[in-house]
Amino acid sequence: MVLATKIGEELRVNMIRRTKGFTLIELLVVMSIIVLLLSLAVPRYFHSVDNSRETILRQNLSLTRQALDKYYGDNGLYPDTLDALVSKKYLRSLPLDPITGSSTTWIIVPPDVPEKGGVYDLKSGAAGKARDGSEYKDF
């Protein structure tokens, strides 16, 4: 009877030791599931970041062009620089080109008649193409 109790106690101690942690196989299975889920999610994340940058670029160009039109409507000529839109409170600050990460890379398009001012339109100075195949400078 004493021997059976001693053997039963040893089995219980061994089972407790085994259930304390995870085996290497269990850890590898969990890690492979995590890698699989990340491989599905990461490309979608970067795709949405690129789409957001393009949307912000289009919006910044649209708002700045509206400010240029209002400036022309109020003053009868276009501003000499983009900073004139900020100094006369048509814009709070120059918008950022989200593709280049700078507000100084805008390409300024002058009007056909130089007497009408210096900034008729602006385009992005970013190199490359958007997701729809058009170039950033053509936005």
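Of the 139 residues in the protein, 21% are buried in this model, which is a predicted one. The accessible surface comes to about 10400 Å², and 61% of that area belongs to carbon and sulfur atoms. Among contacts between residues at least 6 apart in sequence, 50% join residues at least 24 apart.

Helix 2, spanning residues 24–75, contains 52 residues and reaches 75 Å from its first C-alpha to its last, which is close to the 76 Å expected at 1.5 Å a residue. The buried residues in helix 2 are Glu54, Leu57, Asn60, Leu61, Thr64, Ala67, Leu68 and Tyr71. An α-helix has 3.6 residues a turn, so residues three or four places apart point the same way. What covers the buried residues of helix 2 includes helix 3 (83–87) and strand 2 (121–123). After the helix comes Gly76, whose phi is positive, near 80°.

Within helix 2, Thr64 illustrates this cover in detail. Thr64 counts as buried because its relative accessibility is 2%, under the 20% that sets the limit for a buried residue. When its neighbours within four places in sequence are left aside, Thr64 is in contact with Leu82, Leu85, Leu91, Pro95 and Leu122. Lys70, also placed in helix 2, is by contrast exposed, with a relative accessible area of 53%. Between Lys70 and Leu85, which are 15 residues apart in sequence, the C-alpha to C-alpha separation is 9.8 Å.

The loop between helix 3 and strand 1 (107–109) contains Tyr90, a partly exposed residue with a relative accessible area of 23%. Not counting residues up to four places away in sequence, Tyr90 touches Ala67, Lys70, Tyr71, Asp74, Asn75 and Leu85. The C-alpha atoms of Tyr90 and Tyr71 are separated by 7.2 Å, although the two residues stand 19 residues apart along the chain. Lys89 is placed in the loop between helix 3 and strand 1 as well, and its phi, near 65°, is a positive value in a residue other than glycine. Lys89 counts as exposed because its relative accessibility is 71%.

Five aromatic pairs are present in the structure. Tyr72 and Tyr78 form one that is stacked, with 4.4 Å centre to centre and 20° between the planes; Tyr72 is partly exposed, at a relative accessible area of 29%, whereas Tyr78 is buried, at 9%. An edge-to-face pair is formed by Tyr136 and Phe139, with 5.7 Å centre to centre and 85° between the planes. Both partners of this pair are buried, Tyr136 at 9% relative accessibility and Phe139 with a relative accessible area of 10%.

The search of the whole structure for salt bridges finds four. In one of them the side chains of Arg131 and Asp50 meet at 2.8 Å, N to O, and this pair links distant parts of the chain, with Arg131 in the segment after strand 2 and Asp50 in helix 2, 81 residues apart. Both residues are partly exposed, Arg131 at 44% relative accessibility and Asp50 with a relative accessible area of 30%. A salt bridge is also formed between Arg58 and Asp132, whose closest N and O atoms are 3.3 Å apart. Because Arg58 lies in helix 2 and Asp132 in the segment after strand 2, the pair ties together parts that are 74 residues apart in sequence. Arg58 is partly exposed, with a relative accessible area of 40%, while Asp132 is exposed, at 53%. Arg58 also lies over the face of Phe139, at 3.9 Å from the ring centre. In a further salt bridge the side chains of Lys137 and Glu135 meet at 3.8 Å, N to O; Lys137 counts as partly exposed at 42% relative accessibility, and Glu135 is partly exposed with a relative accessible area of 30%.

Technical notes: Residues numbered from 1 in each chain as written. Predicted model: local features only at pLDDT ≥ 70, side-chain atom pairs only at ≥ 80, totals over all residues. Heavy atoms only, no water. Helix = DSSP H or I, 4+ residues; strand = E, 2+ residues; numbered from the N terminus. Expected span 1.5 Å × (residues − 1). Buried < 20%, exposed > 50% of the residue type's maximum accessible area, 1.4 Å probe, protein only. Contact = heavy atoms within 4.5 Å. Areas by Shrake-Rupley, 256 points an atom, 1.4 Å probe, with all protein chains shown as cover. Phe/Tyr/Trp six-rings, centres within 6.5 Å; stacked < 30°, edge-to-face > 60°. Lys NZ or Arg CZ within 6 Å of the ring centre and 35° of its normal.
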